[in-house]
Amino acid sequence: MTPEEAAAGPASVVVFAPVEGDAAALRAMLEAEGVAVRACTDAAGFYASLDEQAWCAIVTEEGLDRCTLEALDASLRRQPAWSDLPLLTLAGPDLAKVDSRRFARLARIGNVTLVERPTAREVLLMSIRSALRTRRLQFAVRAQWQALERHASTLEAAVEERTASLEREIGERRRVERALAEARRLESLGRLTGGVAHDFNNILQVISGSETLLRMLLAKDGNERTARALDSIRRASGHGAALTQQLLAYARRQPLNNVPLDLSLYLYAAGEMLGTAAGAQIQLVVRINQALWPVSVDPAQLDAALLNITGNARDAMPAGGTLLLEARNLALPDPAWPEGEDLDGDYVCITLSDDGEGMSEDTARQAFEPFFTTKSVGKGTGLGLSQVHGFASQSHGLAFIRREQRGTTVGILLPRGAGEAQAAQAAASDLPVHSLAGARILCVEDDPVVAETMSSLLSMLDAEIVLVDSADAAIEADFDGIDLVLSDVMMPGSMDGIGLVHWLASRHSDLPVVLTSGYMVDPGRLEKLRVQFLRKPYTLAALAQAMSSALEQSVQ
Ligand SMILES: Nc1ncnc2c1ncn2[C@@H]1O[C@H](COP(=O)(O)OP(=O)(O)OP(=O)(O)O)[C@@H](O)[C@H]1O
Ligand SMILES: [Mg+2]
């Protein structure tokens, strides 16, 4: 038996023969053929039996007399598309009485065969077998039809699933592309601001160095107007230095002084500073998880970032409000923190939430850009959040803005650091001061104006100077009698300041080195070097301090 035959079940024939003898004779003949009989007693039963289970229908002319053509037509029309139920009609013996018009109409509505009676048993059997054979073929078509439908729906489901996954992929790709474009935009802005800040630091170095020199040279005059003018220069160059510091922070080109930090302790202390910065009208609420993981950050930069965020919160709540400082450990990615979905691993999250005026979507999108401000001229430079962003990225974390129902949350994610947090660092001023009088110093600086101010400052410290304009020239120098090397980092030529430090480590390993720059190509490169680092622009005191620390260290 084929699967189609199994699905069709045993053959059954519908019989509507109101004359008792006819029905019995047909039943006997069909059962002898192994065919089940569904006998009908009235027209309604006959119509209802013309279904998918029927293999064929046999109706005598007496049966037909009790049917209406319309009702029969309607029953046959209910058949599915694959079905064309064979209908055997057994006409009466007197052909003259047969309603030929009725048979013609019947033939139009269905698959009708007219068999005359009396008929030879064999003839009738052959007609029935032929009808059953036709029906078997129809059942085979039905089975294939159903298989096709199943395939079609499987295919449809597969297409739907693929379409949905394609849509997901496209959505994800768009998101990644947007993030990449945004990262590239911020990166190129960063390069630009970093470059500007670098040049400015050199200029500021000359201004502040010259101011120090002038002050010393004019000290004897005691002219008050001169002193006031010099004060203005100092204030302006200090302000300029602070601005370039913010720019460098955004550009992630800032020399970071990372130390392992116990954030819980640090933040409680920072809370006091932030409370003062926020002002009396704002209530600062501190909620810190006691067991925060240690992090390795530059505390001065973290201070600056928290102060920048607090300053913004204060401006967003002119009539007062609440500022909530929170910190918690986060294992990323965490669905509750979609801002960190691109990060993986342990992070500490510091957030400051205000209930102020909030940010528009546009403002939030641009707030991290340098010089983006909505504040009036003189009120904001638009560098506060740029520093926050740059500092967080440079610390291998990220900064984010969350627009709240009411107010704004600005957060910083910092990666969990290894090792124990340090309690405190020895302050630079605690170190013993080493005399520089008579020290012979090799100065490596490519900018002639900066070199000149540097030389003048060093002669103020009674040091002796050997000046070269590149690292390449420095390695050709005579190191006899040199006590210390003071070098810029970014210089033209085959080697930069860090390259020079490596060269010195292999040739003159005892020679103390002070590197000075307002700009780090890659702060990571500085990490393992035994050098003092001096941030430009520097004061005479800072220069003296750095050099004496370097000399002290080399003695140890
Ligand atoms: N907490 C906040 N609530 C509402 N708006 C804010 C908040 N923080 C920042 N902003 C918006 O983001 C802009 C950029 O902030 P950002 O700190 O970078 O610069 P600024 O505050 O304008 O100037 P600066 O901080 O350099 O003095 C702000 O001008 C302000 O429109
Ligand atoms: Mg600000």
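The conventions are stated before the exercises.

The model is predicted: local features need pLDDT of at least 70, side-chain atom pairs count only at pLDDT 80 or more, and totals for chains, interfaces and linings use all residues. Residues are numbered from 1 along each chain as its sequence is written, while chains are lettered from A and ligands numbered from 1 in the order in which they are written.

**Exercise 1. State which domains the chain is assigned and how far apart the C-alpha centres of domain 3 and domain 4 lie.**

Step 1. The assignment gives domain 1 (3–119), domain 2 (176–250), domain 3 (259–415) and domain 4 (429–555); such bounds come from an automatic or database domain assignment.

Step 2. Between the C-alpha centres of domain 3 and domain 4 there are 36 Å.

**Exercise 2. Describe the shell around ligand 1 by its residues, helices and classes.**

Step 1. Ligand 1 is surrounded by 24 residues, the closest being Asn312, Ala316, Thr373, Gly380 and Gly384. A residue is near a molecule if its C-beta atom, placed from the backbone, lies within 6 Å of it.

Step 2. At least two shell residues come from each of α10 (299–316) and α12 (384–394). Helices (H or I, at least four residues) and strands (E, at least two) are DSSP runs, numbered from the N terminus. With five residues, α10 gives the most to this shell.

Step 3. By class, the shell holds seven nonpolar, 14 polar and three charged residues. Ala, Val, Leu, Ile, Met, Phe, Trp, Tyr, Cys and Pro count as nonpolar, Asp, Glu, Lys and Arg as charged, and the others, Gly among them, as polar.

**Exercise 3. Determine how α9 and α10 are oriented to each other, and which residues meet.**

Step 1. The axes of α9 (residues 263–278) and α10 come within 10 Å and cross at roughly 40 degrees. Axes are lines fitted to C-alpha atoms, for helices over the stretch in contact, and angles run from 0 to 180 degrees between N-to-C directions.

Step 2. The two helices, α9 and α10, are therefore oblique to each other. Angles under 35 degrees count as roughly parallel, over 145 as roughly antiparallel, 65 to 115 as roughly perpendicular and the rest as oblique.

Step 3. The crossing of α9 and α10 is right-handed. A crossing is left-handed if the near helix is turned anticlockwise from the far one by less than a right angle, and right-handed if clockwise.

Step 4. Tyr266, Ala270, Leu274, Ala277 and Ala278 in α9 meet residues of α10 including Leu306, Leu307 and Arg314; contact requires C-beta atoms, placed from the backbone, within 7 Å.

**Exercise 4. Characterise the packing of α7 with α8 and with α13.**

Step 1. Helix α7 (residues 121–217) and helix α8 (residues 224–250) have axes that come within 9 Å and cross at roughly 155 degrees. Therefore α7 and α8 are roughly antiparallel to each other.

Step 2. The α7 crossing with α8 is left-handed, and its contact residues divide into 12 nonpolar, eight polar and three charged.

Step 3. The axes of α7 and α13 (residues 448–460) are 9 Å apart, at an angle of about 35 degrees. This crossing of α7 and α13 is also left-handed.

Step 4. Among the residues meeting here are Val206 and Leu213 in α7, and Val450 and Leu457 in α13. The contact of α7 with α13 has eight nonpolar, seven polar and no charged residues.

Note on methods: Two residues are in contact if their C-beta atoms, placed from the backbone, lie within 7 Å.
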